[in-house]
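Try each one before you read its solution.

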Amino acid sequence: MADFHQEPQITTLHALYEAFDKENYLSNLERKLEDHARHTHVSLLLPSLHSEMSNAGVLDRILERIAEVRYLKSIVVALGGATQEAQFREAQAYFGRLAGPERAVRVVWIDGPRIQDLLAQMAEREIPTGEQGKGQSVWVTLGYLFARDEASIIALHDCDIVTYSRTMLARLIEPVANPNNDFQFCKGYYARISPAERSMKGRVTRLFVTPFVDTLSRIMCQQGLPELQRFFDYHRSFKYPLAGEFCFTSDLARGLNIAYDWGLEVATLSQVYDQLTRRQVAQIDLAPNYEHKHQDLSPDDTSKGLHRMVVDIAKFYLTYMRSHGVPLDDSYVDMLLHTYYQTALKYIRKYSYDSDVNDLRYDLYEEESAASHFRGFLWDAWMQSKGPQEAKLIPSWNRVAYTFPQIYERLLEAVEADNAQP
């Protein structure tokens, strides 16, 4: 059963419905969304790798659930990892099952020659387009949605969610779609428990982001930097800041810069912080539990796994601090990483109590070892971010369209040409 706790800066929408008839709740919720959809165009953006289609037991179930809803007017797939036209056609047919009389489905072939040519044209105009990955794929696909100029509300979630349900999708969208609300951005959160292992997951959130942001907030307070303290308190308000599920208005999305590394989620929260008032931001409990693929720690390789994830996230926060007047140097960052580690150890003790009372397996040594590695990863992030480095952000589509006025027309032509039957 969820609690009633509210954060000072943003609104938290709890899963209080779990105490009642869940089927009746879903029926009423979808009925409300169908009413909202009569007046507003809701689109779903699905970032997917071609390889995820081989995980049919997961992705098939996700598509089956999506096909059952009637409030989505369009679905756009950001397809990455498809280097051959045959792979694109396979994906086009695979996701095409979601199409209906009143619902269009398009697959944006990120690695296709037409999109790659457009990215090259933008590079010629000195418009940064980032690097290959989820962030770039989402950014390109948002541009296509803006080119169509139909969607008022855009929801986004990953394609590897083992515990996916229609309730999860509906709850993600309803706060923004409801015209009686002020929300322009809604972030999902959930528990991360492995039923098979009977253990907590979400190590980067639990053992790095949460204690690190707490540490930064406390230090900013001690150093008399209230604006930065509010910024980090805002990030700390999110129960699962690294969740890949969120929903926002198109007006907001057009003005967001998009990170193209593992800092995508925290960078998005920061962009939202800069553009909205706190009353326009919400987080919602999407599911009793959330299961998807897990990353390896990769302690010796900064280019993959949790090592790269922590480094990219830490680099974003360190760069943000420097760009807002904090003079970082080796001794300052050394203080940060040791203070972070002591904070993480306190959290680890709390997680052990929580696991114990819930009859979960909890390896205290393994958790402390992970936090120790994260402390080292933080130093790696500092080494990589020294000098005139900036956050890895692709400019907003408002800025791109100003510099390259024909971009929407050309992007629309490219995606429609790709999706035309051969």
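**Exercise 1.** Among contacts between residues at least 6 apart in sequence, what percentage join residues at least 24 apart in the protein chain?

*Solution.* Start with the ground rules: this is a predicted model, where local features need pLDDT of at least 70, side-chain atom pairs count only at pLDDT 80 or more, and totals for chains, interfaces and linings use all residues. Residues are numbered from 1 along each chain as its sequence is written, and side-chain values use heavy atoms, leaving out hydrogens and water. A contact means heavy atoms within 4.5 Å. For the protein chain, the answer is 82%.

**Exercise 2.** Find how much of the protein chain is buried.

*Solution.* Buried means under 20% relative accessible area, with a 1.4 Å probe and protein chains only. By that cut-off, 57% of the 422 residues are buried. The C-alpha trace spans about 60 × 55 × 40 Å along its principal axes.

**Exercise 3.** Describe the aromatic pair formed by Phe 208 and Tyr 340.

*Solution.* Rings of Phe, Tyr and Trp (its six-membered ring) pair if their centres lie within 6.5 Å; planes under 30 degrees apart are stacked, over 60 edge-to-face, and the rest tilted. The structure holds 23 such pairs. For Phe 208 and Tyr 340, the centres are 5.5 Å apart and the planes make 65 degrees, which is edge-to-face.

Note on methods:
Buried means under 20% relative accessible area, exposed over 50%, partly exposed in between (1.4 Å probe, protein chains only).
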